[in-house]
Amino acid sequence: MEESEKLTRLTQARGLVAALEANDEAEYLAGLNALAASQTQPMFEEVGRMTREVHEALMTFATDDRLNLLAEDEMPDARDRLRYVITLTEQAANRTLALVEEAFPVADRLMDRAERLQIELAQIQQRHADNTPLVDVITGLTEYLESVQQNGGVLKTGLTDIMMAQEFQDLSGQLLLRVIALLETLEGKMLGLLQKIHPVSAEKPAAPTVAALSQGLGPMVPGAKPHASAAEPIKNQDDVDDLLASLGF
Amino acid sequence: MDRNMKILVVDDFSTMRRIIKNLLKELGFTNIEEADDGATALPMLKQGHFEFLVTDWNMPGMTGIDLLKAVRADPALAHLPVLMVTAEAKREQIIMAAQAGVNGYVVKPFNGPTLKEKIDKIFERVQG
(Lines give C-alpha, C1' and ligand atoms only; values in the text may rest on other atoms or scores of the structure.)
Protein backbone atom coordinates (compact mmCIF):
# COMPACT_ATOMS: atom_id res chain seq x y z
CA MET A 1 0.00 0.00 0.00
CA GLU A 2 1.31 3.43 -0.89
CA GLU A 3 2.14 5.93 1.89
CA SER A 4 -0.57 8.42 0.83
CA GLU A 5 -3.21 5.68 0.60
CA LYS A 6 -2.16 4.41 4.03
CA LEU A 7 -2.64 7.89 5.47
CA THR A 8 -6.09 8.17 3.91
CA ARG A 9 -7.09 4.78 5.35
CA LEU A 10 -5.76 5.76 8.81
CA THR A 11 -7.71 9.02 8.74
CA GLN A 12 -10.85 7.11 7.70
CA ALA A 13 -10.34 4.54 10.49
CA ARG A 14 -9.77 7.24 13.11
CA GLY A 15 -12.89 9.01 11.83
CA LEU A 16 -14.85 5.77 12.28
CA VAL A 17 -13.59 5.32 15.88
CA ALA A 18 -14.37 8.96 16.67
CA ALA A 19 -17.90 8.66 15.20
CA LEU A 20 -18.55 5.48 17.21
CA GLU A 21 -17.32 7.10 20.44
CA ALA A 22 -19.46 10.15 19.78
CA ASN A 23 -22.49 7.91 19.04
CA ASP A 24 -22.77 9.69 15.64
CA GLU A 25 -24.39 6.91 13.60
CA ALA A 26 -24.71 8.89 10.36
CA GLU A 27 -21.03 9.83 10.39
CA TYR A 28 -20.10 6.22 11.23
CA LEU A 29 -22.12 4.73 8.29
CA ALA A 30 -20.74 7.31 5.86
CA GLY A 31 -17.20 6.42 6.93
CA LEU A 32 -17.88 2.71 6.61
CA ASN A 33 -19.28 3.15 3.09
CA ALA A 34 -16.25 5.17 2.06
CA LEU A 35 -13.96 2.38 3.26
CA ALA A 36 -16.01 -0.32 1.46
CA ALA A 37 -16.00 1.72 -1.74
CA SER A 38 -12.22 1.93 -1.65
CA GLN A 39 -12.20 -1.87 -1.92
CA THR A 40 -14.88 -2.33 -4.63
CA GLN A 41 -13.87 0.58 -6.87
CA PRO A 42 -10.90 -1.19 -8.53
CA MET A 43 -13.13 -4.21 -9.23
CA PHE A 44 -15.75 -2.06 -10.98
CA GLU A 45 -13.02 -0.40 -13.00
CA GLU A 46 -11.72 -3.82 -14.05
CA VAL A 47 -15.22 -5.00 -15.07
CA GLY A 48 -15.64 -1.78 -17.07
CA ARG A 49 -12.33 -2.31 -18.85
CA MET A 50 -13.25 -5.91 -19.74
CA THR A 51 -16.66 -4.83 -21.04
CA ARG A 52 -15.00 -2.26 -23.30
CA GLU A 53 -12.60 -4.88 -24.60
CA VAL A 54 -15.41 -7.34 -25.38
CA HIS A 55 -17.34 -4.59 -27.12
CA GLU A 56 -14.32 -3.57 -29.19
CA ALA A 57 -13.62 -7.20 -30.10
CA LEU A 58 -17.23 -7.65 -31.22
CA MET A 59 -17.10 -4.47 -33.28
CA THR A 60 -13.90 -5.63 -34.98
CA PHE A 61 -15.55 -9.00 -35.58
CA ALA A 62 -18.64 -7.38 -37.06
CA THR A 63 -16.78 -4.99 -39.32
CA ASP A 64 -14.35 -7.65 -40.55
CA ASP A 65 -15.36 -7.98 -44.23
CA ARG A 66 -13.88 -11.41 -44.37
CA LEU A 67 -16.41 -12.66 -41.80
CA ASN A 68 -19.34 -11.04 -43.56
CA LEU A 69 -18.21 -12.58 -46.78
CA LEU A 70 -17.84 -15.94 -45.10
CA ALA A 71 -21.33 -15.93 -43.60
CA GLU A 72 -23.16 -14.35 -46.52
CA ASP A 73 -21.38 -15.76 -49.53
CA GLU A 74 -18.78 -18.39 -48.95
CA MET A 75 -20.74 -20.66 -46.66
CA PRO A 76 -23.85 -20.78 -48.90
CA ASP A 77 -21.46 -21.30 -51.81
CA ALA A 78 -19.78 -24.19 -49.99
CA ARG A 79 -23.20 -25.74 -49.41
CA ASP A 80 -24.06 -25.46 -53.10
CA ARG A 81 -20.77 -27.10 -54.00
CA LEU A 82 -21.36 -29.98 -51.62
CA ARG A 83 -24.86 -30.48 -52.99
CA TYR A 84 -23.41 -30.51 -56.47
CA VAL A 85 -20.93 -33.20 -55.40
CA ILE A 86 -23.91 -35.32 -54.35
CA THR A 87 -25.55 -34.72 -57.74
CA LEU A 88 -22.35 -35.59 -59.63
CA THR A 89 -21.77 -38.81 -57.70
CA GLU A 90 -25.43 -39.70 -58.13
CA GLN A 91 -25.19 -39.24 -61.89
CA ALA A 92 -22.00 -41.28 -62.06
CA ALA A 93 -23.47 -44.07 -59.93
CA ASN A 94 -26.68 -44.16 -61.97
CA ARG A 95 -24.74 -44.29 -65.22
CA THR A 96 -22.71 -47.22 -63.92
CA LEU A 97 -25.84 -48.97 -62.65
CA ALA A 98 -27.57 -48.52 -66.02
CA LEU A 99 -24.61 -50.11 -67.80
CA VAL A 100 -24.52 -52.99 -65.31
CA GLU A 101 -28.26 -53.51 -65.79
CA GLU A 102 -27.74 -53.68 -69.55
CA ALA A 103 -24.80 -56.07 -69.29
CA PHE A 104 -26.42 -58.49 -66.87
CA PRO A 105 -29.04 -59.96 -69.24
CA VAL A 106 -26.40 -60.14 -71.99
CA ALA A 107 -24.31 -62.42 -69.76
CA ASP A 108 -27.43 -64.42 -68.90
CA ARG A 109 -28.32 -64.90 -72.58
CA LEU A 110 -24.76 -65.98 -73.45
CA MET A 111 -24.81 -68.58 -70.70
CA ASP A 112 -28.31 -69.86 -71.58
CA ARG A 113 -27.47 -70.19 -75.26
CA ALA A 114 -24.19 -72.00 -74.48
CA GLU A 115 -26.02 -74.47 -72.25
CA ARG A 116 -28.70 -75.22 -74.86
CA LEU A 117 -26.14 -75.65 -77.65
CA GLN A 118 -24.15 -78.01 -75.45
CA ILE A 119 -27.21 -80.26 -75.02
CA GLU A 120 -27.96 -80.21 -78.75
CA LEU A 121 -24.34 -81.03 -79.60
CA ALA A 122 -24.36 -83.96 -77.16
CA GLN A 123 -27.41 -85.38 -78.95
CA ILE A 124 -25.73 -85.01 -82.37
CA GLN A 125 -22.60 -86.66 -80.99
CA GLN A 126 -24.66 -89.64 -79.80
CA ARG A 127 -26.25 -90.07 -83.22
CA HIS A 128 -22.90 -89.82 -85.08
CA ALA A 129 -20.57 -91.51 -82.60
CA ASP A 130 -18.72 -93.28 -85.44
CA ASN A 131 -17.97 -90.07 -87.34
CA THR A 132 -14.58 -89.29 -85.76
CA PRO A 133 -13.90 -85.92 -87.45
CA LEU A 134 -17.37 -84.67 -86.41
CA VAL A 135 -16.94 -85.95 -82.83
CA ASP A 136 -13.59 -84.11 -82.61
CA VAL A 137 -15.22 -80.86 -83.71
CA ILE A 138 -18.10 -81.38 -81.26
CA THR A 139 -15.63 -82.06 -78.40
CA GLY A 140 -13.83 -78.81 -79.18
CA LEU A 141 -17.09 -76.85 -79.36
CA THR A 142 -18.36 -78.38 -76.12
CA GLU A 143 -15.18 -77.30 -74.31
CA TYR A 144 -15.61 -73.80 -75.63
CA LEU A 145 -19.28 -73.66 -74.58
CA GLU A 146 -18.32 -74.82 -71.10
CA SER A 147 -15.81 -71.99 -70.82
CA VAL A 148 -18.49 -69.55 -72.01
CA GLN A 149 -20.69 -70.65 -69.12
CA GLN A 150 -17.87 -70.40 -66.59
CA ASN A 151 -16.72 -67.01 -67.80
CA GLY A 152 -20.32 -65.82 -67.88
CA GLY A 153 -20.47 -66.59 -64.16
CA VAL A 154 -17.22 -64.68 -63.55
CA LEU A 155 -18.63 -61.77 -65.54
CA LYS A 156 -21.85 -61.73 -63.50
CA THR A 157 -19.94 -61.78 -60.21
CA GLY A 158 -17.86 -58.84 -61.46
CA LEU A 159 -20.99 -56.96 -62.52
CA THR A 160 -22.57 -57.51 -59.11
CA ASP A 161 -19.39 -56.21 -57.45
CA ILE A 162 -19.43 -53.12 -59.69
CA MET A 163 -23.06 -52.57 -58.75
CA MET A 164 -22.40 -52.95 -55.02
CA ALA A 165 -19.46 -50.53 -55.25
CA GLN A 166 -21.98 -47.80 -56.20
CA GLU A 167 -23.15 -47.94 -52.61
CA PHE A 168 -20.48 -45.31 -51.94
CA GLN A 169 -22.88 -42.74 -53.38
CA ASP A 170 -25.44 -43.27 -50.63
CA LEU A 171 -22.85 -43.33 -47.85
CA SER A 172 -20.84 -40.32 -49.07
CA GLY A 173 -24.08 -38.47 -49.82
CA GLN A 174 -25.34 -39.01 -46.28
CA LEU A 175 -22.06 -37.70 -44.86
CA LEU A 176 -22.15 -34.64 -47.11
CA LEU A 177 -25.77 -33.91 -46.12
CA ARG A 178 -24.61 -33.80 -42.51
CA VAL A 179 -21.81 -31.35 -43.33
CA ILE A 180 -24.33 -29.22 -45.27
CA ALA A 181 -26.66 -29.16 -42.26
CA LEU A 182 -23.74 -28.15 -40.02
CA LEU A 183 -22.79 -25.33 -42.38
CA GLU A 184 -26.40 -24.12 -42.40
CA THR A 185 -26.50 -23.96 -38.61
CA LEU A 186 -23.13 -22.23 -38.39
CA GLU A 187 -24.11 -19.75 -41.08
CA GLY A 188 -27.39 -18.91 -39.31
CA LYS A 189 -25.65 -18.35 -35.99
CA MET A 190 -22.95 -16.18 -37.56
CA LEU A 191 -25.46 -14.07 -39.47
CA GLY A 192 -27.51 -13.65 -36.29
CA LEU A 193 -24.47 -12.49 -34.35
CA LEU A 194 -23.32 -10.14 -37.10
CA GLN A 195 -26.82 -8.64 -37.39
CA LYS A 196 -27.04 -8.09 -33.65
CA ILE A 197 -23.78 -6.24 -33.24
CA HIS A 198 -23.58 -4.54 -36.58
CA PRO A 199 -26.89 -4.44 -38.47
CA VAL A 200 -25.47 -2.93 -41.66
CA SER A 201 -23.77 -5.55 -43.75
CA ALA A 202 -20.46 -4.78 -45.34
CA GLU A 203 -20.06 -4.16 -49.05
CA LYS A 204 -19.40 -7.34 -50.96
CA PRO A 205 -16.90 -7.50 -53.75
CA ALA A 206 -18.77 -8.03 -57.02
CA ALA A 207 -16.33 -10.45 -58.57
CA PRO A 208 -13.54 -12.69 -57.43
CA THR A 209 -10.20 -10.95 -57.17
CA VAL A 210 -7.33 -11.71 -59.50
CA ALA A 211 -5.68 -13.53 -56.60
CA ALA A 212 -8.77 -15.73 -56.12
CA LEU A 213 -8.97 -16.42 -59.85
CA SER A 214 -5.35 -17.46 -60.06
CA GLN A 215 -5.80 -19.73 -57.05
CA GLY A 216 -8.57 -21.44 -58.99
CA LEU A 217 -12.28 -21.32 -58.14
CA GLY A 218 -12.87 -25.06 -58.52
CA PRO A 219 -15.35 -26.77 -60.84
CA MET A 220 -18.36 -24.71 -61.86
CA VAL A 221 -21.45 -25.36 -59.78
CA PRO A 222 -24.75 -24.78 -61.59
CA GLY A 223 -26.87 -22.19 -59.80
CA ALA A 224 -24.04 -20.97 -57.59
CA LYS A 225 -24.24 -17.20 -57.22
CA PRO A 226 -21.08 -15.72 -55.75
CA HIS A 227 -18.78 -15.84 -58.71
CA ALA A 228 -21.47 -15.83 -61.39
CA SER A 229 -21.06 -12.08 -61.70
CA ALA A 230 -17.53 -12.62 -62.94
CA ALA A 231 -17.93 -11.63 -66.56
CA GLU A 232 -19.77 -14.13 -68.78
CA PRO A 233 -20.31 -17.53 -67.24
CA ILE A 234 -18.82 -20.36 -69.27
CA LYS A 235 -21.19 -23.29 -69.54
CA ASN A 236 -19.52 -25.96 -71.60
CA GLN A 237 -16.70 -26.82 -73.96
CA ASP A 238 -18.46 -25.01 -76.83
CA ASP A 239 -18.42 -21.79 -74.78
CA VAL A 240 -14.73 -22.32 -74.04
CA ASP A 241 -13.98 -22.89 -77.72
CA ASP A 242 -16.04 -19.83 -78.69
CA LEU A 243 -14.21 -17.68 -76.19
CA LEU A 244 -10.81 -18.90 -77.34
CA ALA A 245 -11.85 -18.39 -80.97
CA SER A 246 -12.89 -14.82 -80.17
CA LEU A 247 -9.41 -14.31 -78.70
CA GLY A 248 -7.85 -15.44 -81.98
CA PHE A 249 -7.00 -19.07 -81.17
CA MET B 1 -41.10 -68.16 -50.37
CA ASP B 2 -43.30 -66.58 -53.04
CA ARG B 3 -41.03 -64.89 -55.59
CA ASN B 4 -43.99 -62.90 -56.90
CA MET B 5 -44.68 -61.22 -53.59
CA LYS B 6 -45.01 -57.45 -53.68
CA ILE B 7 -42.02 -55.69 -52.11
CA LEU B 8 -41.61 -52.02 -51.19
CA VAL B 9 -38.08 -50.58 -51.14
CA VAL B 10 -37.77 -47.28 -49.21
CA ASP B 11 -34.60 -45.16 -49.39
CA ASP B 12 -34.02 -41.44 -50.00
CA PHE B 13 -31.06 -42.19 -52.30
CA SER B 14 -32.18 -43.40 -55.72
CA THR B 15 -28.83 -45.13 -56.18
CA MET B 16 -29.42 -47.34 -53.15
CA ARG B 17 -33.01 -48.12 -54.21
CA ARG B 18 -31.69 -49.19 -57.58
CA ILE B 19 -28.99 -51.41 -56.03
CA ILE B 20 -31.44 -53.12 -53.66
CA LYS B 21 -33.94 -53.58 -56.48
CA ASN B 22 -31.28 -55.20 -58.68
CA LEU B 23 -30.17 -57.50 -55.86
CA LEU B 24 -33.77 -58.53 -55.23
CA LYS B 25 -34.22 -59.20 -58.95
CA GLU B 26 -31.11 -61.39 -58.90
CA LEU B 27 -32.75 -63.33 -56.08
CA GLY B 28 -35.79 -63.83 -58.31
CA PHE B 29 -38.13 -61.15 -56.96
CA THR B 30 -39.72 -59.09 -59.69
CA ASN B 31 -42.69 -57.31 -58.11
CA ILE B 32 -40.87 -54.36 -56.56
CA GLU B 33 -42.02 -50.79 -55.90
CA GLU B 34 -40.09 -47.82 -54.52
CA ALA B 35 -40.62 -44.88 -52.16
CA ASP B 36 -38.18 -42.18 -51.09
CA ASP B 37 -39.20 -41.76 -47.45
CA GLY B 38 -41.57 -43.03 -44.79
CA ALA B 39 -44.24 -40.42 -45.48
CA THR B 40 -44.51 -41.60 -49.10
CA ALA B 41 -44.20 -45.26 -48.16
CA LEU B 42 -46.91 -45.45 -45.49
CA PRO B 43 -49.92 -44.63 -47.73
CA MET B 44 -48.55 -47.05 -50.34
CA LEU B 45 -48.32 -49.78 -47.72
CA LYS B 46 -51.85 -49.05 -46.51
CA GLN B 47 -53.29 -49.40 -50.00
CA GLY B 48 -51.01 -51.78 -51.76
CA HIS B 49 -51.07 -55.34 -50.29
CA PHE B 50 -47.31 -55.41 -49.86
CA GLU B 51 -45.82 -58.57 -48.42
CA PHE B 52 -42.33 -57.32 -47.59
CA LEU B 53 -40.82 -53.95 -46.65
CA VAL B 54 -37.14 -53.05 -47.07
CA THR B 55 -36.36 -49.63 -45.58
CA ASP B 56 -33.49 -47.26 -44.85
CA TRP B 57 -33.38 -45.50 -41.46
CA ASN B 58 -32.08 -41.99 -42.06
CA MET B 59 -34.45 -40.20 -44.47
CA PRO B 60 -35.87 -36.67 -44.59
CA GLY B 61 -39.56 -36.43 -43.80
CA MET B 62 -40.44 -39.68 -42.06
CA THR B 63 -37.53 -41.84 -40.95
CA GLY B 64 -37.37 -45.61 -41.30
CA ILE B 65 -37.72 -46.20 -37.57
CA ASP B 66 -40.89 -44.07 -37.47
CA LEU B 67 -42.20 -45.93 -40.51
CA LEU B 68 -41.52 -49.22 -38.73
CA LYS B 69 -43.38 -48.01 -35.64
CA ALA B 70 -46.31 -46.81 -37.78
CA VAL B 71 -46.44 -50.18 -39.54
CA ARG B 72 -46.46 -52.08 -36.26
CA ALA B 73 -49.15 -49.76 -34.85
CA ASP B 74 -51.50 -50.40 -37.80
CA PRO B 75 -53.47 -53.63 -37.25
CA ALA B 76 -53.65 -54.22 -41.02
CA LEU B 77 -49.86 -53.95 -41.42
CA ALA B 78 -48.64 -55.14 -38.01
CA HIS B 79 -47.42 -58.50 -39.33
CA LEU B 80 -45.62 -57.18 -42.41
CA PRO B 81 -42.01 -58.47 -42.46
CA VAL B 82 -39.62 -55.49 -42.30
CA LEU B 83 -35.92 -55.52 -43.18
CA MET B 84 -33.87 -52.45 -42.33
CA VAL B 85 -30.92 -51.67 -44.61
CA THR B 86 -29.09 -48.70 -43.12
CA ALA B 87 -25.78 -47.03 -42.33
CA GLU B 88 -27.00 -46.37 -38.77
CA ALA B 89 -24.94 -48.81 -36.76
CA LYS B 90 -25.04 -47.66 -33.14
CA ARG B 91 -25.81 -50.43 -30.65
CA GLU B 92 -28.65 -48.35 -29.21
CA GLN B 93 -30.19 -47.91 -32.65
CA ILE B 94 -30.16 -51.61 -33.42
CA ILE B 95 -31.77 -52.27 -30.04
CA MET B 96 -34.33 -49.54 -30.77
CA ALA B 97 -35.19 -51.15 -34.11
CA ALA B 98 -35.46 -54.57 -32.51
CA GLN B 99 -37.78 -53.21 -29.84
CA ALA B 100 -39.88 -51.53 -32.52
CA GLY B 101 -40.31 -54.96 -34.13
CA VAL B 102 -37.87 -55.11 -37.04
CA ASN B 103 -37.43 -58.57 -38.60
CA GLY B 104 -33.90 -58.08 -39.94
CA TYR B 105 -31.14 -55.45 -39.90
CA VAL B 106 -28.46 -55.05 -42.57
CA VAL B 107 -25.73 -52.43 -42.07
CA LYS B 108 -24.40 -50.52 -45.07
CA PRO B 109 -22.02 -51.13 -46.72
CA PHE B 110 -23.41 -54.59 -47.36
CA ASN B 111 -23.29 -57.22 -50.10
CA GLY B 112 -25.65 -59.43 -52.06
CA PRO B 113 -25.10 -62.64 -50.07
CA THR B 114 -25.79 -60.82 -46.77
CA LEU B 115 -29.04 -59.43 -48.11
CA LYS B 116 -30.07 -62.90 -49.35
CA GLU B 117 -29.19 -64.50 -46.03
CA LYS B 118 -31.27 -62.00 -44.04
CA ILE B 119 -34.24 -62.30 -46.38
CA ASP B 120 -34.11 -66.12 -46.24
CA LYS B 121 -33.96 -65.97 -42.43
CA ILE B 122 -36.92 -63.58 -42.21
CA PHE B 123 -39.15 -65.81 -44.35
CA GLU B 124 -38.03 -69.00 -42.62
CA ARG B 125 -39.19 -67.48 -39.35
CA VAL B 126 -42.35 -65.92 -40.76
CA GLN B 127 -43.42 -69.14 -42.40
CA GLY B 128 -42.08 -71.48 -39.69
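How many cavities of 30 Å³ or more does the structure hold? The structure, which is a predicted model, holds 2 of them, a cavity being a set of points, on a 1 Å grid over the protein atoms alone, where a 1.4 Å probe fits but cannot get out. The second largest cavity contains about 40 Å³ of space, where a volume is the space filled by probe spheres set on the grid points, joined across faces, edges and corners. Its lining, made of residues with an atom within 4 Å of a point, consists of B:Met1, B:Arg3, B:Leu27, B:Phe29, B:Lys116, B:Ile119 and B:Asp120. By class, this lining has 4 nonpolar, no polar and 3 charged residues, with Ala, Val, Leu, Ile, Met, Phe, Trp, Tyr, Cys and Pro counted as nonpolar, Asp, Glu, Lys and Arg as charged, and the others, Gly among them, as polar.

Because this is a predicted model, local features need pLDDT of at least 70 and side-chain atom pairs count only at pLDDT 80 or more, while totals for chains, interfaces and linings use all residues. Residues are numbered from 1 along each chain as its sequence is written, chains are lettered from A and ligands numbered from 1 in the order in which they are written, and side-chain values use heavy atoms, with hydrogens and water left out.

Chain A has 7 helices and 0 strands, helices (H or I, at least four residues) and strands (E, at least two) being DSSP runs numbered from the N terminus. Of the 249 residues in chain A, 22% are buried, where buried means under 20% relative accessible area, exposed over 50%, and partly exposed in between (1.4 Å probe, protein chains only).

Within chain A, the axes of helix 3 (residues 65–127) and helix 5 (residues 168–197) come within 9 Å and cross at roughly 165°; axes are lines fitted to C-alpha atoms, for helices over the stretch in contact, and angles run from 0 to 180 degrees between N-to-C directions. Helix 3 and helix 5 of chain A are therefore roughly antiparallel to each other, a term for angles over 145 degrees. The contact of these two helices has 20 nonpolar, 4 polar and 6 charged residues. A:Leu193, which lies in helix 5 of chain A, is partly exposed, with a relative accessible area of 36%.

Most residues other than glycine have a negative phi, and most peptide bonds are trans. A:Asn23, however, has a positive phi of about 60°, and the peptide bond from B:Lys108 to B:Pro109 is cis, with omega near -5°.

Notes: Angles under 35 degrees count as roughly parallel, over 145 as roughly antiparallel, 65 to 115 as roughly perpendicular and the rest as oblique. On a 1 Å grid over the protein atoms alone, a cavity is a set of points where a 1.4 Å probe fits but cannot get out, and a pocket is an open set with protein on both sides within 12 Å along at least five of seven lines; lining residues have an atom within 4 Å of a point.
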